[in-house]
Structure formats: structure tokens, C-alpha cells
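Student: I am new to this structure. Please show it to me, and then let us take a close look at a single part.

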Amino acid sequence: MTNQHKPSEQEHFLVAPRAPGPRGAEALVRFQARARQIPGATVPDVDAASAKRLEVSLPPGAAAALRSEFGDALIFEPDAPLGY
Amino acid sequence: MADPKDKDASSGTAAGAARRAPGAQPAPDAAPQGGGSAAAENAVGTRETQYIIGPRVVPGSLTPLAAPAVLTNVLEKFRELPGYREMCRLKPRGVGLFAAGAGAAEIAVASTSPELGKELEAASRAGAPFVAERNRVLNHHGLAPAPAGGADATAAAALPGSFELGQISFDFSVVGADHQPLEGAQITLTGRRFTGEGVTDRNGKATVAVFGERPSTILSLYVKPLANHWERFIERPALNGSAINTIVLQPLSATFPNFPAQPMLGWGQEVMGLGQIPSHLTGQGVKIAIIDSGCDNTHPLLAHIKNGIDLTNQGNTSTWARDQIAHGTHCAGVIAGSASAGQGVRGFAPGAEVHIFKVFPGGRFSSLIDALDICIERQIDVVNCSLGSGEHSELVQNKIEEARQRGVACVVAAGNSSGPVQFPATLPTVLSVSALGQEQRFPTDSQHARTVVTELVGLNGVFPARFSCFGPQIRVSGPGVAIVSTVPGGGYAAWDGTSMAAPHVTGLAALVLAHHPAFHQPALRARTAARVDSLFQLLVAACAPMVADPARGGAGLPQATRALGALAAAPAQTAGAVAAGPAATAQFPQAPTDAALLQALAPVIAALAGGMPAGGALGALMGQTLANGGAGFGGPFAGFPGVGFPGAAGFAAQPGFGFGVPAGMPPQVLAQLRSLGLA
């Protein structure tokens with residue numbers, strides 16, 4: 001089956017622990033693993049346990065479930081374009 | 001090509017096309033006509049305008065102020081005016097009691113030159129016995145069905161009437177004053193429904209197509225040169241679809257003699273008092289970051305900038321100097337353009353160590369966070385953020401707070417959407433900057449002129465720029481209209497934006513950190529939030545209020561002389577370091593009193609309390625700052641020879657109008673009315 005998700009259709013997000021400490025780091029690791037299971041998602045191949053944040057791309061509609069699942073422990077926000 | 005049926009498409013040969021508004025750039029010299037197979041040329045000016053002219057009636061009735069026969073005489077006299085072309089008369093229908101038309105008077109439909117049209121409108125407003133008003137294009141309000149083809153369906157489907165018009169295109173030639181072709185000029189045609197854009201090739205030529213418009217519905221033509229010339233904005237351009245439409249742009253050197261060979265201060269640096277402080281204060285020892293589109297350090301004024309990182313290219317440490325957008329290079333010139341280059345426009349802090357963080361094109365919140373992380377790591381002192389978003393980011397907010405705690409001060413442009421302040425300028429932890437302009441610093445036929453908010457023009461012709469975002473978050477303002485600075489390729493360009501205003505403040509902030517003795521004391525030398533807060537407080541306290549509304553201008557325009565305290569009392573720059581023109585007469589209004597300054601610095605006092613011995617840095621801060629008193633505010637502007645564009649001679653700018661309005665009845669119309677005994 002071909003990947004139906006074009007890059008232009010993906011949504012970019014920034015994800016980071018709400019607070020420093022093991023709970024946030026552990027949530028980020030679980031988030032990384034969970035996001036990798038989503039078809040079309042682009043998740044950086046970094047050590048989430050020591051990362052300050054993750055920049056991920058998700059297909060439309062995928063963010064809501066992740067936000068509800070990890071929202072308590074992680075800041076989950078659009079990586080919005082900047083203007084000049 | 002243009003619709004040949006469109007009778008309103010001026011060929012450019014009309015008398016009005018060659019005329020120009022006061023202060024406007026001159027129309028091109030006679031362009032070569034004919035000559036073998038070459039296409040005809042059309043020197044683009046403002047096209048003729050249609051008016052309807054009829055009787056003025058007694059208020060509350062249909063009785064004309066003047067007898068119908070007299071009005072007919074007036075209309076006949078108008079036919080003798082140069083630039084007036086009657087197209088038809090609307091005659092009353094019917095007879096007797098059932099006749100239509102007030103008092104059986106006729107209404108003339110006429111096409112006039114822009115100048116005569118304005119005179120007629122002014123006469124009408126002044127109470128002439130006739131009404132002259134624009135014969136405007138009517139719209140119909142039908143709604144088309146939603147496009148069936150999804151996102152790819154043309155938007156024209158929602159705009160009834162567009163299909164039958166099809167596409168029109170115009171050929172352009174953009175040249176300099178001596179008719180040399182100008183490559184890379186952006187041309188924008190704005191119609192009632194759509195816009196069309198093009199960029200000139202190496203021969204200065206471009207073809208611009210617009211869908212669903214007629215030549216008569218093109219609202220404006222905007223030409224933005226790549227470098228070294230003033231832009232041009234022509235309302236209702238007289239375009240010719242079967243000729244090459246020639247746009248002549250005036251060089252910056254026509255305004256600033258011998259520019260850029262002869263160095264000068266930009267008007268922004270001038271009004272902030274950079275010319276009043278010693279030339280050896282250049283920001284040495286301070287690190288400035290510019291988070292933007294890169295910086296072309298092959299420019300003679302920017303060759304001293306050696307540090308940078310390209311966050312659009314995996315952190316490459318060499319490609320940051322490729323600035324495809326030119327925005328970052330322009331900001332860098334304002335902040336740190338080198339005076340030692342012996343040319344161009346000097347920046348505020350050429351002695352500072354500048355670090356370039358390239359995040360455009362394609363910059364996102366993540367790019368900004370990355371850049372700020374590196375700023376913290378490199379112990380940057382001041383960061384210029386001429387960027388923003390309509391969205392909020394908690395993570396960016398946290399990073400900026402972290403930067404503040406580590407002594408990194410963020411100066412942020414408010415945004416250019418004429419609405420609420422944009423993020424991250426909304427944050428209390430940054431210094432948000434709105435944009436000001438000053439009249440007579442730009443040609444009248446430019447986009448710069450359209451940034452003037454006539455009702456808000458203050459003393460000295462300073463005004464809050466129309467595009468600037470506003471709100472309670474605005475802390476200070478900076479010069480942001482017609483700012484001449486560096487662009488890639490070694491040239492200069494005059495640009496507008498809060499993006500241009502913020503670098504002025506960033507540059508001054510660097511000078512304060514480098515040279516104000518208070519920031520050499522241990523308490524404020526330490527990289528803490530107190531250092532950042534004290535810097536912001538000092539800049540705010542050093543402001544001269546320029547506009548009445550603090551939501552638009554914040555505390556005002558920071559003054560170098562006040563911000564640097566007694567240091568600024570030293571002899572100003574020597575002649576030759578920066579050539580200053582003859583002094584102008586304008587002065588800043590409403591200088592803050594010393595009491596107000598003390599009050600503004602109260603948080604600084606609080607921040608420093610306990611950690612500083614009496615008479616230490618606080619004493620230095622207060623003493624040095626207050627020692628200068630208000631001297632800087634009375635200082636003269638240093639004007640540039642030839643900078644002023646002639647105002648509308650004989651016209652008095654009146655609040656409430658968007659342009660200069662004749663004071664009283666125009667002479668040409670007045671003479672005609674007098675000949676008829678009506679005035």
C-alpha cells in the first residue's frame with residue numbers, strides 16, 4: 001500500500017515536557033514511540049529521554065488523540081510558521 | 001493583452017498621463033516612439049478618471065441651487081478646461097410633472113485628468129452649485145455556487161463576471177533615470193478582484209497578467225526595485241495593452257547627493273540622536289544576534305560580520321551569508337553597518353560582534369527556539385527578532401524567559417498587520433517595537449507615502465505607520481518607514497516595516513550595554529534577568545514621546561543622547577566620520593522631565609537594591625543619565641541636502657482627508673465660476 005500522506009498535508013508540532021524531571025522525559029519517550037506507530041508521521045530519530053523537545057510531523061487528525069493522551073505531561077503545540 | 005473595447009484604457013498620451021502629483025517622481029522623458037519594429041512605449045502615469053457632474057439641490061428638496069440653464073452654461077465652460085473631456089450628457093426624460101431630473105438639469109459624464117478631477121471634487125466639497133463625484137464602477141452582488149472542483153477550482157468562480165473578462169496582460173519596462181534597464185524589480189498590479197505580479201529580467205522587461213480585470217479596473221501599480229532606487233506606487237495607472245508600459249524609477253542619489261559614495265546617517269539614526277554621540281562609541285564588546293534571513297557579508301558595510309549559522313540548512317556555518325530574501329541584510333545594516341567602509345548608511349553598533357542566525361525562508365517556532373538556544377550558549381547580549389506569528393507558543397515563551405534569565409535581551413518587532421501586536425512581541429519579557437515614519441522622507445508617489453495616517457501626524461511630521469501593529473504591549477517605537485539600508489549585492493534599498501524599526505532599538509541597546517557605565521558594574525554586568533530588565537527600563541526612560549497614543553508609540557522613540565547619559569555630552573562625531581547635512585529646525589516635543597525619568601527608573605532601583613553599594617552602579621546609572629538632563633531632546637535634526645520632497649504647493653493638509661486638499665476653491669474652477677457670476 002502506498003503512502004497517501006503527502007508532506008504538504010502534514011501538520012508540524014513541537015512537543016516538550018511540561019516540567020523538567022523524569023516524569024516529563026518518560027512521557028516524551030512514550031510519545032515518540034506512540035507517534036512512530038502513526039502512518040505518515042515523521043518523528044525524529046533521537047534519544048527522547050534526553051531531548052528537550054521533539055519536532056514531529058503528523059497527518060491531519062492525528063494530533064487530537066495524541067494531545068488528549070499526553071497533554072497532561074507534555075506541551076503539544078503547532079510549530080507555526082514565522083513571518084518577517 | 002488589454003481589451004481593445006475598453007474605452008477607459010488610456011494610451012498614456014492624454015495630458016493627464018504626463019502630469020504628476022507634487023513631490024512625485026518625474027514621468028520619463030519622451031520615450032522613443034516608432035522606430036522600426038520596436039513596440040510603442042507608454043510612459044505610465046495616472047489614468048483619466050470619470051466624473052458625473054450635476055446640479056446641487058437645496059437641502060431637503062429637489063430644487064437646484066442654480067437655474068438649469070446656468071448649470072448647462074457651467075458644463076459648457078468646463079469643456080474649455082484643459083484635461084476635461086465630456087463623454088455624454090444624461091438628459092432628463094419625460095415632460096411636465098412627470099419629468100425626471102431635478103429641475104430638468106442635465107448631468108455630464110466626463111473624463112478628466114487626475115489634477116482637474118481633484119479640483120472638481122474640491123470645488124464640489126466647498127459648496128459649488130454643482131456636484132462633481134467619481135463615476136464609480138458598480139458591482140453586482142450575485143453569489144456563484146461553491147466551486148465544484150475543490151481546492152483547485154479557480155476563485156473566479158465565486159466572482160460573477162470574471163469569466164467573460166478573461167485574462168489581460170501588460171508589458172513593462174522598468175528603467176532608471178537615464179533609461180538603463182533595472183533587473184529584478186517586482187511589479188504588482190492590483191485589480192478589483194485579483195492581483196498580478198512579475199519580476200523584470202536583465203533587460204528590465206516583464207509581462208504581468210491579471211485575471212478578471214479590465215485596464216479600467218486596475219486599481220494600482222506598484223514597482224519595487226531590487227536596489228538603489230526609490231519604489232513607485234501609481235493609483236489608477238494609465239496602462240496600454242498594446243505598448244510597452246515604461247516605469248522610470250528615481251535613484252536614491254537623486255535625494256541623497258553622491259549616495260552611496262558620500263556616507264550619511266539614515267533618518268532613523270538621525271532622529272534617535274546617533275549623530276549626537278561620539279563616533280568612537282560603536283558597541284565594542286557586545287554580542288548582537290540577528291535571527292532573520294541571513295546576511296550578505298560581501299556587502300562593503302557588512303564585511304566585518306563573520307559569525308553565523310544557517311538553521312534552514314542543518315546548521316551550516318557558511319550558507320548563512322546567502323540571503324535570498326534580503327530582509328536580514330537590511331536589518332544588519334541598520335544595526336551594524338560599518339562607518340569605516342566610507343560609504344552608505346552607518347549602523348548603530350558597527351563595533352559589536354554580530355552573530356547571524358538564518359531561519360528564513362521557512363522559519364517556524366522551532367527555528368526560533370533553536371536560535372535562542374544558541375544565543376544563550378554563545379552569551380549573546382541583544383537579539384533582534386524582526387519576526388512574529390499570529391499564533392502563540394508556550395515553548396517559545398519559555399525559551400525567551402530562559403534567555404532573559406541568562407542575560408539575553410530580545411528586541412521584537414510588533415508586526416505589520418495593522419492589528420493586535422503579534423507574538424512574541426506580546427510577551428512582557430521582550431521589548432516590543434512599533435514603527436514610526438516622518439513626512440517628507442520619501443516620494444509622494446511611493447508605497448511609503450501610503451503608510452501615513454494623516455489624522456495622527458504629530459509635530460515634526462512624525463506619524464505612527466499605518467501598517468504597524470498596536471496595543472498595550474508596545475513598549476517603544478522605532479523608525480520604520482522608508483528606511484535606507486543594505487541589501488545583498490552591495491546596494492541599498494528603502495523599506496518599510498516594524499522589522500526595520502526593531503533594529504534601530506537593538507542597535508541602541510547594544511550601545512547602552514557597551515558604553516553605559518552602569519552596565520560595567522558587577523550587578524548589571526552579570527548575565528541575569530536584572531541586566532535585561534534594566535536595559536529595557538533605561539531605553540523606555542530615554543524615550544521622547546512622538547505620538548499621542550501609547551498603544552501605537554509606546555513610551556516613544558529612544559534617544560541615544562539620553563540613553564547614554566553623560567557620555568553623549570562628549571564631542572559629537574567629527575566631520576568626515578559621518579557627513580551630516582545642514583541642521584533642520586524640527587525638535588522633539590514633550591521631553592520627559594527628570595522626575596518622570598526617576599519614576600521610570602524605579603524598577604531599576606528596586607532590582608539593584610541590596611546587591612549594590614550606595615553610589616555604585618545605581619549612582620552611576622542615575623547620575624550619568626540625569627546629568628544629561630533633557631539636552632538631547634532639544635538637539636536639532638541633522639537634515640540631508642535634498643531630502644525634502646516638495647509638499648503640495650498651495651495645498652493645506654487637513655485632518656480628515658487622506659491627501660492634501662486645496663484650501664478653498666481651486667483657481668481654475670473658481671475662474672470659470674466667476675466668469676458665470678456664480679462665485
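Student: How many bridges join strand β7 of chain B to strand β10 of chain B, and do they run parallel or antiparallel?

Tutor: First, some ground rules. This is a predicted model, in which local features need pLDDT of at least 70, side-chain atom pairs count only at pLDDT 80 or more, and totals for chains, interfaces and linings use all residues. Residues are numbered from 1 along each chain as its sequence is written, while chains are lettered from A and ligands numbered from 1 in the order in which they are written.

Now the strands. Five bridges join β7 (residues 186-190) to β10 (residues 220-224) in chain B, and the two run antiparallel. Strands here are DSSP runs of E, at least two residues long, numbered from the N terminus. Two strands pair if DSSP finds at least two bridges between them. Within this pair, B:Ile187 stands opposite B:Val223 of β10(B).

Step back to the sheet. It is open, with four strands of chain B in the order β8-β7-β10-β11, and its pairing is antiparallel. At its edges are β8 (195-199) and β11 (232-235) of chain B, each pairing on one side only. From one strand to the next, the twist averages 10°. Axes are lines fitted to C-alpha atoms, and angles run from 0 to 180 degrees between N-to-C directions. Strands of a sheet pair through backbone hydrogen bonds, either parallel or antiparallel.

How confident is the predictor? Chain B has a mean pLDDT (the predictor's confidence in each residue, from 0 to 100) of 79, and 72% of its residues reach 70 or more. The complex gets an ipTM of 0.85 and a pTM of 0.74 from the predictor.
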